[in-house]
Amino acid sequence: MAALTVLALAVVAFFAYQANAAPDRPGAGGKPDPTPVEEIVPDKPSETDGAEDENPALPPESGDGVRVVYSLSAQRLWLVAEAPDGLGEEVLHTYPAHRSTVDPEPGAYQVTSRSEAIPGSDGVPIQHVVVFHTDADGIVFGFSAAVDGSLPDPSAQARTGGIRQSPEDSPQLWEFAEVGTQVVVVP
């Protein structure tokens with residue numbers, strides 16, 4: 001398992017080097033123009049509990065403490081922090097996410113690496129990459145945003161574990177999820 005992690009980190013580092021060295025990339029030094037990161041402000045609580053709710057409730061049995069929760073069925077992320085009064089927790093932000101061709105198994109993981117900008121496994125330049133798991137088949141699971149705002153093709157032949165966010169939402173996760181932050185995947 002350690003060898004797979006080292007291999008995955010080496011691949012990410014290689015792609016990061018290639019992305020930074022590419023002369024045709026926008027921005028200085030081959031990097032895309034950075035998306036400004038704004039302070040994370042808690043979302044307003046929802047008054048309804050419907051499926052089309054803009055801020056649905058945190059899934060039950062999704063862990064505790066500071067964490068990122070990813071629901072496979074809802075295709076949604078929640079950024080959860082301790083409440084300011086130290087009693088309980090609060091959802092700082094929730095938003096839709098878009099799966100790739102392979103889903104991670106439900107369970108608890110930790111952020112293992114982050115990259116500001118690299119080419120995605122589907123060849124699309126991505127930013128705000130937060131990796132949390134590499135499975136036994138070598139599929140790397142992580143959250144990212146395509147620089148051009150495109151979404152993954154879940155019917156593609158390539159087996160990839162990239163979970164895409166919008167470029168507007170990705171700075172929130174980037175600011176929140178440092179290496180070691182818990183990621184809980186629920187069904």
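I take helices (H or I, at least four residues) and strands (E, at least two) as DSSP runs, numbered from the N terminus. The model I have open is predicted.

**Entry: overall layout**

I read the pattern along the sequence as α-β-β-β-β-β-β-β-β-α-β. That gives 2 helices and 9 strands in the protein chain. I looked up burial next: 43% of the 187 residues are buried. The accessible surface is about 10100 Å², and carbon and sulfur atoms hold 55% of that surface. I then checked contact range. Of the contacts with a separation of 6 or more, 54% join residues 24 or more positions apart.

I traced 5 strands in an open sheet, in the order 3-2-1-9-4, with mixed pairing. Which strands stand at the edges? Strand 3 and strand 4 (107-110) do; each has a single partner strand, so one side of each lacks a neighbour in the sheet. Neighbouring strands here are turned by 20 degrees against each other on average, direction ignored. I followed strand 4 to its partner. Strand 4 pairs with strand 9 in the antiparallel sense, over 4 bridges. In that region I found Gly107 opposite Val185 of strand 9.

**Entry: nonpolar cores**

I listed the largest nonpolar core and got 24 residues. Val68, Tyr70, Phe132, Phe143, Leu173 and Val183 have the most contacts inside this core. I asked which elements supply at least two residues each. Among them are strand 1 (67-71), strand 6 (125-134), strand 7 (140-146), helix 2 (170-176) and strand 9 (182-186). A second, separate core has 5 residues, including Val69, Trp78, Val80 and Val184.

I then went back to Tyr70. Leaving out residues up to four places away in sequence, Tyr70 touches Phe143, Ile163, Val184, Val185 and Val186, among others. Its list also includes Gln75, Arg76, Arg99, Asp103 and Pro104.

**Entry: Val124**

I looked up where Val124 sits. Val124 lies in the loop between strand 5 (113-119) and strand 6. Is Val124 buried or exposed? The cut-off for buried is under 20% relative accessible area. Val124 has 18%, so Val124 counts as buried. I listed its contacts, leaving aside neighbours within four places in sequence: Ile118, Pro119, Ala146, Asp148, Ser150 and Arg164. I also took one distance.

Definitions and conventions:
Residues numbered from 1 in each chain as written. Predicted model: local features only at pLDDT ≥ 70, side-chain atom pairs only at ≥ 80, totals over all residues. Heavy atoms only, no water. Core = buried A, V, L, I, M, F, W, Y, C linked by side-chain atoms within 4.5 Å. Buried < 20%, exposed > 50% of the residue type's maximum accessible area, 1.4 Å probe, protein only. Contact = heavy atoms within 4.5 Å. Areas by Shrake-Rupley, 256 points an atom, 1.4 Å probe, with all protein chains shown as cover. Pairing = 2+ DSSP bridges. Axes fitted to C-alpha atoms, helices over the stretch in contact; angles between N-to-C directions.
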